Amino acid sequence: MDNFWTTLLYAFLSMFLIFNYGMLLGGVVYKIIARVHGRFGPPVWQPYVNLVKVMGVRTAISHGIMFWLGPVFRFAGGIGLFLFMPVVFGSVWMQNFSFSGDLLLVIYFIFFGQLGMALGAAESGHPYSPMGIMRGLAQVTVSEVPFALAVIALAAQHGTLSITEIVAAQQGGIANWNMITNPVATLAGMMAFLGMMMHAPFNLHLAPQEIPVGPPTEYHSNFLGYMQANRAFFASAKLILFMNLFFGGATNIPVLVGKTFTLYMFAVFVGVVNPRFTLENSIRWFIRIPTATGIIAVLLYTF
Amino acid sequence: MVNPLYIVAILLGTGFLLPLISKAGRRISLTVFFMSLISVSAISYQWLWSFLFGGQTAAMFYTAGVEPPLSINFLIGYKEAIFLTAVNFMGLVGAIYMSTQIKETGYKAMVLFLLMVLGLNGLILTADIFNLFVFMEITSIATFSLVGMDLKLNSLTGGFKYMIAGGLASVFLLLGIIILYSLTGTLGIESMSQYVLNVDNIKLLSIGSFLLIFSFIIEMKQFPANGWAIDVYDGANPGITGLASATGTAAVFYSLYKIMPIVSDEILSIIIFTGSLTFIASNLMGLMQTNPRRMLGYSSVAQMGLVMAAAAWSVFSQNDGIFFTSVLPLLLNHFFAKAGLFWISGIIKKNDYRNWGVIRENKVLSGIFIVMVLALTGMPPFPGFWGKWNLVLDLAANYEFFWIFIILLGSLFEAGYMLRWLGVTLKKTSEKDIIAYDSYKVLAIEIINITLLAVSFFYFFRQNQGHLSYYLPYTAGLALLGLRSLPERFKGVLALTSIFFYGYMFLPLQTGFVFFFNAMFIFGAFVLTIATLNRKKRSSTFYGLLMLMTGSLIAIANADNILHFFISWEIMTVTSYLLIRRGNESEKESYSYIMFSLGGAFLILSGFAYAYSQNPEFLSFNILSMAQESSAAAFILISLGFLIKSAALGVHIWIAGAYSKAEDDVTPFISALLSKAGIFGFVMLLLTMGIPKTEYIDLAYILSWVGALTALIGTMMAIHEENAKRLLAYSSMGQVGYIILALSIMSGLGWTAAMFQMINHFLIKGVLFLAIAGVIYRTGTADMYKMGGLIKKMPWSFTAVMFGIIAISGVPPLTGFGAKWLLYEALIEKGWYLQTGAAFFASTVAFLYCFRLIHAIFLGQPKNEFRNVKEAPAWFIVPQYIFIMVIFLFSVFPKLLIDQITGIVDPIFGSGLTWQGGTAITSLGYWNGTTVMTIVGVIFVVLAAGLFIKSPKVQKVKQFNIVFSAERPETPELTHFAYEFFRPYRRALGWMIAPYAKNFWAAVTEWTLTISDSLRKIYTGNTQTYIFYILMMSVVLFYVTVGVK
């Protein structure tokens, strides 16, 4: 059991780190978007302020048990996703519970929080909630296609689905990164990445500027707090996943921060200079070029 | 033994005396009339008895002890005794059927009737070709007089057409006899068949035999020289039609059979050719018929074509065994079923099959009707099934595949119109009608029905000697059909007990895949039957059919040879059809289901036949593994059959209709259990045959794409359905697609994935369809957008659906993830990357319909009319939670299930999976279901507890309490967003689900019907046209067989 408790301790430690990293990353992004828009923008610690504010709200309204459980599902999904992934290659304490399953577990676990959240938000009875969910889910189904194809190409390339082994295969310099050794798959994966990070042009389901749609419509107070905290985990977890898959992983925390930050900026920069796609547009976009790229990536290993 | 000459004496004597006796009163003449029929029946029966059990040998009888040609000579052998018994028995029953009418018409009808029976007896008995002609004339004259007896326009013209055609046939017959006599110098049929071998003038001989046979081709009403016959069947009194169709054709057929040895092989092939052509053409034409009697007419003609061709085949191939195993059962099947159906049509008297729903007013008649239609379509255990089975296998052994194709296609056409007719009568219509039930008529039909069943069981026992224990799973169903009058719930408990008992007794004895499938069928049927206990409405057949279907599934898994497999497959098809048809407004959908299923069954049969042709000695499954030369062809045929059953892409169009229109507590059986029959078929096929690989194509690769695309497109279709059951039907299609994909991998890991996914799908679809059944039971609708917000009223159903969709979508930590994980690992290991991508796409799209299902029904805003609905009855809830407990068990401890599977799969394919503690390890990756469940569970509980502690005073608001755009909607129940939920998705990806398959099958149907319609236009109703056809046919056939040189 000694092993178990140390694993747990390390997991808590890495969770603490990643939470703060995720929060700060969110703050930086606010700032960047604001600057692009010509505003000064909030301070980088604004996400903390937001979180403290919503968690401090005294009233809480619940539409029912699923509504109540929705944020729990969501948050558990975010944390779980993070915990099933090895974070820093070669480090003893940043391996989390990655012994529970391979890449497929991680990919499928992304849906856990989304599905639970969707159920909770839909119970609110607010028509805009399911509308946002419909848009979000529909987009996820197609953005996952190039991503899955890229992952399959990686699995074919390395003969494994274990994230640790995929990272291990990329050690020894940038020339060994999958970005270089498997550029087509990386291209497909990064296009999917844009859809998965929920920035423009693929953020119709959040549509934050106009009417509020999607899960946040009826959520507030602690519920919203859970969702905001989750965003820190979820975003970082996805960044770590992509870093591990295509960009050689990380052997220490500064490299981790550097790589994930750069990765995030890719989605953010694409987002700030692009208008928003309608759902049909984004579905068509994903099913064309990114999917075709993914198919090419896979075909390269089929023949 | 009684001299068969007494038959003639009695019938002729009574016939001549009747005018006198009739003076003594109607009652006495009727008594004498029946006495004479009974006594001839007794004589023939006595002969049959001594042939069967007394060691009797064939005997020849002469009138007045004088040799022919001065006397009439009768030959009575085993076959003659069978035909005599059948004809005289039917004559007697026919007289009972028509007794009211005979009474009214008086002694003239009796005389004609007796003469007809006399002619038929003579045709069977005579050993002299000229007497054959004489008896033919007697029969014809008596029959067309009887046809015209009604003095109605239709029957009179019918009789007239019959007379003209019969006259032509006689001319041909007489000419033929003259020529043959001049060449051989004998009239004895047997001696003639000897002497023809020594005839020098071959040309004249073939002309003579052609004329002889052609007259029989007319008499046997072969296409296209048979327009008159259809008019006779349609116009005449149904009593006579039934008799003529059964006894008349039987006797004429037998006399044709007698003279077959005389003619050359060339002419025999012409008989085979015309017979087959008639079989397929008539059945094709029957498709466009709406008048039941004409349908029966087409079917009669077709059946006679088949029987005639089969008999010619038995003479041609010098295989007398085929006569008893195939020709005779085919004939007897037609004999009883056709007479019965014609006679039923004489009671119902509806000229359009669509009005036949009224038959349900009479339970006895409608039951008999079902039996007879099923017999005619060649279902087991009726004689037609055995006849067709044996014929097909014999043809296969002789490499006559084209003929097998013709027979099966013709049978499919015949089933097409017969089952359409049946479909109407299976469900009560609103139309009320007063039907006059003549008790004599009903009695006669009942006698025929009992005889048909007796003959069926005779053949059943004959064909299954030593294998009767195989049919044990059917006993519960048959018993419940017998106990039909018991209270519904009591029957349900009996059904449950019988399943439990069967499982308890036999499951421990089984191993391997048989155990695996049986365990699923038995456990599944047991749990799903609990839900049927909620039924309140009495039904005499429901539980019987349900248990027969369950029994057939178990029997399919137990099958040890292709015959057993095929019988159970057919029984499963029929019983499931009858169950689906029980649903309201299911006529069209169940018809589509049965036609696809039958087509699939025939494909399987032809595939079996193909394999059998390589090793015609065995019926065991091993012939599939031994079929080297033709394995690809056999594999394609058989797997197409299974693909139809699994609703693979392209042949899936029946699935949504059949699933959604079946009764709500029956659909879970179909989706959870029945859909696995096709999978078992694949397992059986792949284990014996493997997946053949030819030089150009890799069938495994093709099969994998069929599976992958079925999964993808099925799922794509599911997300756009408004009806919950249709949505789940397409979901089933998609889920079964994964199983096919996994099976096609042909590796240890692939098959583990397939079996895991199968169990997963079985459990989940059990839960989901039962939950939906409960919802429909309370709300009365399956349209999801009409509901909403039911979570508050039906929390148990909601929770069940929630677990169901989490498991089906493959989200960890429930079993669905295990299935997906195994599948992808196996696919990538195999190197099928693109298929992996397609499967992955399908599985993400599945989230869409999962969310839609639960959202539209249970979440969002409720509708006003459902504000007071209650939770579904416990009968629905309990089985759902039994399944959910199993799902949880396998989610936490996937090793329990996977070990079972690998125990069976590994010895075959080698191990693809190792265990390290609770972690499953493949060559690519690893997964530990137990730790995943634990971690997720702990995080979830901790977070939930945190939220609970942090905000203990949550204010609960009721439904409708929402605000949007800063106002409270006045009619919040209208804000439920559910209709056309994924419209943007359809706009973007709708092209993927354009109804190509539907349009294709619609075109196939349209073309078939158009051809049928154009073809039947050749029957103008004009006698001159009919005569022209007869003459033209004689010219064409003459040219083909004899030539003009």
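Modeller: A nonpolar core is a set of buried Ala, Val, Leu, Ile, Met, Phe, Trp, Tyr and Cys residues joined through C-beta atoms within 7 Å; a residue counts as buried if 20 or more other C-beta atoms, placed from the backbone, lie within 10 Å of its own, as exposed if there are 12 or fewer, and as partly exposed in between. The model discussed here is predicted, so local features need pLDDT of at least 70 and side-chain atom pairs count only at pLDDT 80 or more, while totals for chains, interfaces and linings use all residues. Residues are numbered from 1 along each chain as its sequence is written, and chains are lettered from A and ligands numbered from 1 in the order in which they are written.

Biologist: Which residues touch the most other members of the largest nonpolar core, and which helix gives this core its largest share?

Modeller: The core holds 517 residues, and B:F253 and B:I854 touch the most other members. Its largest share, 20 residues, comes from helix α31 (residues 748-779) of chain B, where helices (H or I, at least four residues) and strands (E, at least two) are DSSP runs numbered from the N terminus.

Biologist: Why is this core said to lie between domain 1 and domain 2 of chain B?

Modeller: Domain 1 (198-463 + 1021-1045) and domain 2 (467-582) of chain B, with bounds from an automatic or database domain assignment, both contribute residues to the core, and therefore it lies between them. Their C-alpha centres are 33 Å apart, and 7 residues of domain 1 are in contact with 7 residues of domain 2, contact being defined by C-beta atoms, placed from the backbone, that lie within 7 Å. On the side of domain 1 that touches domain 2, the residues divide into 5 nonpolar, 1 polar and 1 charged; Ala, Val, Leu, Ile, Met, Phe, Trp, Tyr, Cys and Pro count as nonpolar, Asp, Glu, Lys and Arg as charged, and the others, Gly among them, as polar.

Biologist: What does B:I854 touch, if residues up to four places away in sequence are not counted?

Modeller: B:I854 touches B:V801, B:M802, B:I805 and B:L859, together with A:L119 from the other chain.

Biologist: How many residues of chain A and chain B are in contact, and which element of chain A gives the most to its side?

Modeller: The contact joins 68 residues of chain A to 64 residues of chain B. On the chain A side α5(A) gives the most, with 16 residues, and that side is made up of 46 nonpolar, 17 polar and 5 charged residues. The predictor's own scores for the complex are an ipTM of 0.95 and a pTM of 0.94.

Biologist: What makes β1(A) and β6 of chain B a pair, and in which sense do they run?

Modeller: Two strands pair if DSSP finds at least two bridges between them, and here 2 bridges join β1(A) to strand β6 (residues 955-956) of chain B, the strands running parallel. A:S62 stands opposite B:K956 in that strand.

Biologist: Why does B:F16 count as exposed, and why does B:A647 count as buried?

Modeller: B:F16, in helix α1 (residues 5-21) of chain B, has 11 C-beta neighbours inside 10 Å and is therefore exposed. B:A647, in the loop between α26 (631-645) and α27 (655-661), has 27 such neighbours and is therefore buried. B:M746, with 18 other C-beta atoms within 10 Å, falls in between and so is partly exposed.

Biologist: What is the phi of B:A647, and what is that of B:M746?

Modeller: Most residues other than glycine have a negative phi, and most peptide bonds are trans. Against that background, B:A647 has a positive phi near 55 degrees, and B:M746, in the loop between α30 (724-745) and α31 of chain B, has a positive phi of about 55 degrees although it is not a glycine.

How values were computed. Contact = placed C-beta atoms within 7 Å.
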